[in-house]
Amino acid sequence: MPALRAVRHYLSLSALVLLISGCGATHQSTTVPAIEQASLQQRSIPFTRLPPQRFTPADWPQALEARVLLPTTPGAERRPAALVVHGGGWRNRGPDDMEGIAEQLAAQGYVAVNIEHRFAPEYRFPAQLHDLQQAMAWVHANAAAWNIDTQRIVGVGFSSGAHLVSLLALAGEEGPLADPYGGERTRLAAVLAGGLPSDLLKFNDGRLVVDFIGGTRAEKNEAYRLASPIRQITPEAPPFFLFHGKWDQLVPVDHATDFYQALQDNNIESELYLQRFRGHFGSFLLRGSAIDAGIAFLNRQVMP
């Protein structure tokens, strides 16, 4: 009997895992979803892993490293690249969290560049955005050696990493977010963003955001607006794929739905993938189908 109860318990847990990880999602799109057009390459491309390398200049406030995965593609044909940015509330975690996604991207033919950034509260906005802009300049500097087409660089991130790549994509070539490290070399062709905190003014004055900005909404209102991706959307924005857990309490789902609506209002190609039965961390840990759909979306933007 104890053995039978153990088997039943195991089967119940297995069923729950399958329910949570396998159930569908609400998938909205301004066009036919890319995953339905077989935009994923079925054959995985082998890749090599370079040793971690510093991407920041010698005089940068903190030395930061990138992990680069190089697909083994034939010939010298230029290929797309992906700037990959981890989450962690702008204050912790690291590239280890995004290694699986970076490997998926490399297996699809992207040069995957999985980076560190500086942490709050020691370094506050826009320091982290400046780190990403330096990473983009470094990718451009290595484009010839790594056979990268610099017109086909995408951004991929989750949570605060999604926030940073979204700001990078929306900074433009001129203006306060582009000054002094932005410009043409920081342009992204598309973005895959999960658990995106799109409007920092929606948060109460909690520690994470206050530490990141350096003050409350009342004290730093203009900085909160500038650091909110939804408030930077223009008709020149690149295509966006968004995924988000419907049960997310840390970054409520309206951050994704409102951002998606703003993209639609500006006629930006976009997809919104809302995951059932997932909170913030569950949407990342059980991200499989969302990432597949997201990479298919990126492929449609940058793969020939």
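Biologist: Buried means under 20% relative accessible area, exposed over 50%, and partly exposed in between. On that scale, is Arg152 buried or exposed?

Modeller: This is a predicted model, and in it Arg152 has a relative accessible area of 14%, so Arg152 is buried.

Biologist: Which side chain does Arg152 meet in a salt bridge?

Modeller: That of Asp149, at 2.9 Å from N to O. Asp149 comes out at 22%, so Asp149 counts as partly exposed.

Biologist: How much of strand S7 is buried?

Modeller: Strand S7 covers residues 148-158, and eight of the eleven are buried, so the strand is largely enclosed by the rest of the structure.

Biologist: Which strands pair with S7?

Modeller: Strand S5 (residues 79-85) pairs with S7 in the parallel sense over six bridges. Strand S8 (residues 190-194) also pairs with S7 in the parallel sense, over five bridges. To find them in the model, look for Leu83, whose bridge partner in S7 is Gly155, and for Gly157, whose partner in S8 is Ala193.

Biologist: And which helix makes a β-α-β unit with S7 and S8?

Modeller: Helix H5, residues 160-170, and the unit is right-handed. Eleven of the eleven residues of H5 are buried, His163 and Ser166 among them. Just after H5, Gly172 takes a positive phi of about 75°.

Biologist: Different topic. Which residues touch the most other members of the largest nonpolar core?

Modeller: Leu83, Val113, Ile115, Leu200, Leu242 and Phe259, in a core of 62 residues. H5 gives the most to this core, with seven residues. There is also a second, separate core of 31 residues, including Tyr110 and Val156.

Biologist: What is Leu200 in contact with, leaving aside its neighbours within four places in sequence?

Modeller: Trp90, His163, Val209, Phe212, Ile213, Arg217, Tyr224, Ala227 and Ser228.

Biologist: Now Leu272. Where is it?

Modeller: In strand S10, residues 270-275. At 0% relative accessibility, Leu272 counts as buried. Beyond its neighbours within four places in sequence, the contacts of Leu272 include Thr26, His27, Gln28 and Leu242.

Biologist: How many residues of helix H3 are buried?

Modeller: 14 of its 15. H3 (residues 127-141) reaches 21 Å from first C-alpha to last, close to the 21 Å expected at 1.5 Å a residue.

Biologist: Back to salt bridges. How many are there in the whole structure?

Modeller: A search finds 15. One of them joins Glu103 to Arg49, with the closest N and O atoms 2.9 Å apart.

Biologist: Which parts does that pair tie together?

Modeller: Glu103 lies in helix H2 (residues 99-107) and Arg49 in strand S2 (residues 47-49), so the pair ties together parts that are 54 residues apart in sequence. Glu103, at 28% relative accessibility, counts as partly exposed, and Arg49, at 46%, is partly exposed as well.

Biologist: What does Lys202 form a salt bridge with?

Modeller: Asp258, with the closest N and O atoms 2.6 Å apart. This pair links distant parts of the chain, 56 residues apart: Lys202 is in the loop between S8 and helix H6 (207-213), and Asp258 is in helix H8 (residues 254-265). Lys202 is partly exposed at 31%, and Asp258 is partly exposed at 34%.

Biologist: Which residues do salt bridges with shared partners join into one network?

Modeller: Arg49, Arg67, Asp96, Glu99 and Glu103.

Key. Residues are numbered from 1 along each chain as its sequence is written. This is a predicted model: local features need pLDDT of at least 70, side-chain atom pairs count only at pLDDT 80 or more; totals for chains, interfaces and linings use all residues. Side-chain values use heavy atoms; hydrogens and water are left out. Buried means under 20% relative accessible area, exposed over 50%, partly exposed in between (1.4 Å probe, protein chains only). Helices (H or I, at least four residues) and strands (E, at least two) are DSSP runs, numbered from the N terminus. Two strands pair if DSSP finds at least two bridges between them. A crossover is right-handed if, with the strands pointing away from the viewer, the path from the first strand over the helix to the second runs clockwise. A nonpolar core is a set of buried Ala, Val, Leu, Ile, Met, Phe, Trp, Tyr and Cys residues joined through side-chain atoms within 4.5 Å. Contact means heavy atoms within 4.5 Å. The expected span of a helix is 1.5 Å times one less than its number of residues. A salt bridge is a side-chain nitrogen of Lys or Arg within 4 Å of a carboxyl oxygen of Asp or Glu.
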